[in-house]
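Hi there,

Here is the structure I promised to pass on to you. Have it open while you read, and I will walk you through what turned up.

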Amino acid sequence: MAPFAWRPYLPILVFLCHTAAHLHASEVIPGTDELVYNGFFKADLNLDGSALLINDLLSLTNMPDGTNGHAFCSYPLSFQRIPGGSISSFSTTFVVTIGFRRYKGHGLAFMLSSTNDISDNSAGQFLGLPSSSSDDHVFFAVELDTVLNPEFKDIDNNHVGINVDSLLSVESHTAGFYDSSGDFKSVELRSGKPVQVWVDYDSKSYRLNVTLALYSMPKPELPLLSTPLNLSSLLSLSSLYAGFSAASDKFTSDHYVLGWSFKLDGEAQPLDYSQLPLGLVKDLKHHSRFQYSGEMTILGAPTIIPAVVLIALAVLICRYLRNRKEDKEFEIMCGPPSFTYKELFTATDGFNDKLLLGKGGFGRVYEGVLSNSAQSIAIKRVSPESKQGKREFMAEIAILGRVRHRNLVQLLGYCRYKKELLLVYDCMPNGSLDKYLYNKGKPVLDWAQRLSIIKGVASGLCYLHEDWERVIIHRDIKASNVLLDNSMKGRLSDFGLARFHDHGVDAHTTRVAGTWGYIAPELARLGKATKATDVFAFGIFMIEVVCGRQPIGMAVDGGEPFVLADWVLSMWKSGSVTGAVDPKLEDYDQEDAELVLKLGLLCSHSLPKLRPCMRLVMLYLERGARLNEFCPASLSVDPDEDKEIDHVLCSSGASTITVLSGGR
Ligand SMILES: *[C@@H]1O[C@H](CO)[C@@H](O)[C@H](O)[C@H]1NC(C)=O
Ligand SMILES: *[C@@H]1O[C@H](CO)[C@@H](O)[C@H](O)[C@H]1NC(C)=O
């Protein structure tokens with residue numbers, strides 16, 4: 001048994017189970033220069049390095065291996081509204097927890113920085129602060145320094161310091177506070193207990209105060225540090241980012257921020273203690289103890305017990321611990337189960353076959369109604385097979401639970417039951433798109449609806465590829481994975497999970513995870529899913545929606561199977577690409593249809609590097625960029641002849657251009 005194997009997973013994000021409860025907790029008050037995060041649920045932050053959100057807790061570091069993490073407000077603040085005008089004062093307060101496992105960290109700092117991208121900075125020693133100001137990077141930081149470094153014996157390893165553009169503090173003091181009678185009480189920063197810090201800067205009197213207190217204590221009258229400081233040149237920068245930075249050494253150490261309030265010209269709003277994720281910090285802490293005691297139970301068993309009994313006992317204990325560990329592990333990653341089996345059982349009338357929505361490569365999907373809230377849900381019953389699969393699966397779900405976008409089907413929560421996992425999704429009352437395209441008793445979608453579905457799915461996929469904090473490859477884009485909501489908007493479902501498909505069940509699902517007809521040639525060859533393989537599938541999808549035909553048709557009388565994209569291409573070559581448009585469409589926009597079909601063909605180009613990225617696809621669809629003319633011949637190139645084609649640029653910039661010289 002490997003008692004600590006779960007450790008690296010500990011910080012992995014937790015499911016947002018009680019969404020509603022958190023919704024009002026954090027807010028950025030628009031129009032004012034103020035932000036209040038009572039817990040970081042849905043916080044608008046740029047995270048890098050080891051920083052991540054564990055549910056509503058901001059975790060800067062808690063991975064092993066000398067990491068550092070940063071979290072900055074995603075938009076810049078402006079301390080000087082008019083160039084040359086007066087400079088704003090600021091006030092901020094935050095609650096942090098440092099340490100509690102074998103702590104080897106360096107501490108944490110609040111920062112105002114000229115950039116919110118200091119990810120390359122590897123100077124773990126220095127709280128993840130930039131190590132020199134030789135470059136253009138300027139900053140102000142209040143550090144909670146806990147470095148235990150024998151090389152710096154004379155440095156107090158439990159101090160609060162003020163730093164400007166340098167790792168050397170302008171001023172520092174042992175961490176603590178002055179009580180009402182003016183006596184100094186020291187506070188151990190790395191105790192794992194929450195502490196609150198206030199930083200107040202007055203731009204008129206050029207004074208900076210830093211005050212520290214134990215959690216939930218009122219703010220002490222006397223600041224810990226009060227120093228004359230002229231921050232004018234820093235604060236007059238047109239953009240400054242506020243945020244946090246932390247660094248740890250080789251061992252796991254924890255730096256968490258529980259709440260943060262910031263205000264320009266005025267006192268920062270007090271934090272609402274009842275909303276801060278203290279419980280979560282306790283859970284994380286408790287969990288590490290549980291592991292240590294587990295280890296001791298086994299090692300400490302008395303040797304006088306006959307060996308056989310001992311072994312038997314050990315096996316039982318191991319198994320018990322492992323099961324508990326698995327449950328715990330799952331909970332830590334995904335949060336406590338958000339639904340009970342009983343609830344789901346009732347919601348689906350005992351998983352009644354009448355409520356079966358479908359059977360996928362994945363498992364069975366049921367429709368249900370929650371009895372307490374009358375909310376409609378869809379429940380997927382999944383049984384990941386291998387142990388490895390299960391672990392990955394859990395990690396995946398923990399992450400997917402946090403992905404939110406109007407064109408993605410929202411994962412609401414989960415429930416474990418025996419070996420099964422039940423995933424609960426928003427129910428999409430109108431079912432999947434394929435039913436409409438192939439007219440299985442559904443009305444024909446008109447052109448506007450089709451175009452809006454295509455745009456919606458493009459936007460959802462673009463979010464997964466480009467806008468979320470990590471790249472999520474969908475792996476199985478197809479009409480049956482696009483569900484329609486109340487207003488017939490398209491929503492992509494099952495993102496990121498396709499690789500866990502049980503390959504045996506669905507004949508159309510292949511070994512490489514995906515569906516025939518939507519699989520890019522290099523995916524079939526190399527088996528590696530990428531953004532470009534998703535774009536390929538999306539291209540096929542676009543064509544499918546416009547033509548109302550399956551990507552691959554059955555071969556009639558032993559002939560070649562019908563390949564939709566090839567057929568569209570041949571229509572184009574023979575003069576009219578719009579000849580391929582679904583004949584069921586009575587009316588459609590000629591120009592739009594042409595664009596979508598050509599774009600579909602370009603997306604499903606056999607050379608991955610010639611496919612546009614999703615951001616660009618969206619731009620073309622929204623007519624924010626013009627798809628350059630290209631001729632059908634340029635689509636059927638041999639891999640060796642790609643020199644003929646100029647580069648397709650694809651970057652995050654909005655001004656990217658696609659150039660296909662085409663022709664031979
Ligand atoms: C800083 O502390 C001093 C001394 O307590 C106080 O007089 C001053 O108003 C404080 N300044 C700010 C900006 O809070
Ligand atoms: C503060 O710094 C600014 C810019 O460096 C300078 O113009 C100003 O005179 C300074 N004010 C004081 C009181 O030192």
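Predicted model: local features only at pLDDT ≥ 70, side-chain atom pairs only at ≥ 80, totals over all residues.

Two packed helices are described by the angle between their axes and the distance between the axes. Start with helix α10 (residues 531-547) and helix α11 (residues 564-573), whose axes cross at roughly 70° and come within 10 Å. That angle falls in the range above, so α10 and α11 are roughly perpendicular to each other. Their crossing is left-handed.

Now stay with α10 and look at its packing with α13. Here the axes cross at roughly 25° and come within 11 Å. Angles under 35 degrees count as roughly parallel, and therefore α10 and α13 are described as roughly parallel to each other. The crossing of α10 and α13 is right-handed.

Helix α13 (residues 614-621) also packs with helix α12 (residues 590-603), at an angle of about 165° and with the axes 11 Å apart. How are α12 and α13 oriented to each other? Because angles over 145 degrees count as roughly antiparallel, α12 and α13 are roughly antiparallel to each other. For α12 and α13, too, the crossing is right-handed.

**Around ligand 1**

Which residues surround ligand 1? They are D200, D202, N209, P223 and S226. Sorted by class, this shell has two charged residues, two polar ones and one nonpolar. If you zoom in on N209, you will find one of its polar side-chain atoms 2.3 Å from an oxygen atom of ligand 1. Taken alone, ligand 1 exposes 360 Å², and the protein buries 50% of that.

**Around ligand 2**

Next, turn to ligand 2, which has Y206, N230, S232 and S233 around it. Its shell divides into three polar residues, one nonpolar and no charged. How much of the accessible area of ligand 2 does the protein cover? On its own ligand 2 has 360 Å² of accessible area, and the protein covers 34% of it.

Happy exploring, and do write back with any questions!

Best wishes

Note on methods:
Residues numbered from 1 in each chain as written. Chains lettered and ligands numbered in written order. Heavy atoms only, no water. Near = heavy atom within 4 Å. Polar contact = N/O pair within 3.5 Å; in protein donor to acceptor, adjacent residues only side chain to side chain. Areas by Shrake-Rupley, 256 points an atom, 1.4 Å probe, with all protein chains shown as cover. Nonpolar A, V, L, I, M, F, W, Y, C, P; charged D, E, K, R; others polar. Axes fitted to C-alpha atoms, helices over the stretch in contact; angles between N-to-C directions. Helix = DSSP H or I, 4+ residues; strand = E, 2+ residues; numbered from the N terminus. Parallel < 35°, antiparallel > 145°, perpendicular 65-115°, else oblique. Left-handed = near helix turned anticlockwise from the far one by under 90°.
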